[in-house]
Amino acid sequence: MSYTQIKLDIADGIATVTLHRPEKMNAFTRTMMDEFIDALDTTDADDSVRAVIVTGHGDRAFCAGADLTPEGGGHVFSDPNPVEDLSDERVRDGGGRLTLRLFQSKKPLIGACNGVAVGVGVTMQLPFDIRLCSDNARFGFVFARRGIVPEAASSWFLPRLVGMQTSLEWCMTGRLIDAGEALERGLVRSVHPQGDLMDAAVGIAREIADNTSAVSVAMTRAMLWHNGAGGHPMDAHRVDSRAIYRLSRSNDAKEGIASFLEKRAPEYPDTVSGDMPDFYPWWDEPEYK
């Protein structure tokens, strides 16, 4: 796919997705959604990719939210066509389509928020596994100030990250949140000077790429996201037990032990495309109805 609103760069085990609409502060469109999802399909299928960094172009904005002045006019927040049945695919929120795809990623996702992130610009970051931001970053769950509601499945993601009280305050007031408050409340892992942000994100990605099994990381990501929302710890125990049983017999486990005992860097042979456990995925992916 030829990209017009994002950039995808892959080098030395790390993929970087850059939201790229300089003239619109990287504002979100359906085209950006389609391109971002395609990029995730690419990184999932590429066994050389061990981690994905997502950032925005420039030093002002990660993403200024939905484009409120789309080219050619038209409806801003949803499909312009009237429908009677709300289970119609045309009703589906574009931000939610993206975050659900991010949720399904087989590769770890690291956000490097380089400036303003409001509306879908912040809700798209919630399924990232690790979020860093620059010291000039500002976040805003501004939906109530636009006459709509939080989207992109953020009512599921946000309370899991920052708790219910903070989620309600941020979403009901719609006020802007600075980098310090985002750090204090747990939305981001760390705050960096603008010039140091990407180096910090790459450092985390490099730590994953150089030291871990791709299959182990893919399984761990799925287990934490899916089992953490389960109704009983037995749900997690079943998956843990099956995963340990299968992976303990893998080539990666043999290499992990050997490299440790031989005091050398590991060279894990297994791949996400070919060596995930036979019971993966263990969950039923719900449909939009």
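**Close-up 1. The salt bridge between Glu181 and Arg175.** In this predicted model, Glu181 and Arg175 form a salt bridge whose closest N and O atoms are 2.7 Å apart. A salt bridge is a side-chain nitrogen of Lys or Arg within 4 Å of a carboxyl oxygen of Asp or Glu. Glu181 is buried, with a relative accessible area of 13%, while Arg175 is partly exposed at 24%. Buried means under 20% relative accessible area, exposed over 50%, and partly exposed in between, with a 1.4 Å probe and protein chains only. The structure holds 20 salt bridges.

**Close-up 2. The salt bridge between Asp67 and Lys24.** The closest N and O atoms of Asp67 and Lys24 are 3.0 Å apart. Asp67 lies in the loop between strand 4 (61–63) and helix 2, and Lys24 in the loop between strand 2 (14–19) and helix 1, so the pair ties together parts that are 43 residues apart in sequence. Helices (H or I, at least four residues) and strands (E, at least two) are DSSP runs, numbered from the N terminus. Asp67 is buried, with 7% relative accessible area; Lys24 is partly exposed, with 24%. Arg21, Glu23, Lys24 and Asp67 are linked in a network of salt bridges.

**Close-up 3. Helix 1 (residues 30–45) against helix 2 (residues 94–103).** The two helix axes come within 10 Å and cross at roughly 10 degrees, which makes helix 1 roughly parallel to helix 2. Axes are lines fitted to C-alpha atoms, for helices over the stretch in contact, and angles run from 0 to 180 degrees between N-to-C directions. Angles under 35 degrees count as roughly parallel, over 145 as roughly antiparallel, 65 to 115 as roughly perpendicular and the rest as oblique. From helix 1, Arg30, Met33, Phe36, Ile37, Leu40, Asp41 and Asp44 meet Gly94, Arg97, Leu98, Arg101 and Leu102 of helix 2, contact meaning heavy atoms within 4.5 Å. By class, this contact has six nonpolar, one polar and five charged residues. Ala, Val, Leu, Ile, Met, Phe, Trp, Tyr, Cys and Pro count as nonpolar, Asp, Glu, Lys and Arg as charged, and the others, Gly among them, as polar.

**Close-up 4. The salt bridge between Glu89 and Arg97.** The N to O distance between these side chains is 3.4 Å. Glu89 is partly exposed, with a relative accessible area of 40%, and Arg97 is also partly exposed, at 24%.

**Conventions.** Residues are numbered from 1 along each chain as its sequence is written, and side-chain values use heavy atoms, with hydrogens and water left out. Local features need pLDDT of at least 70 and side-chain atom pairs count only at pLDDT 80 or more, whereas totals for chains, interfaces and linings use all residues.
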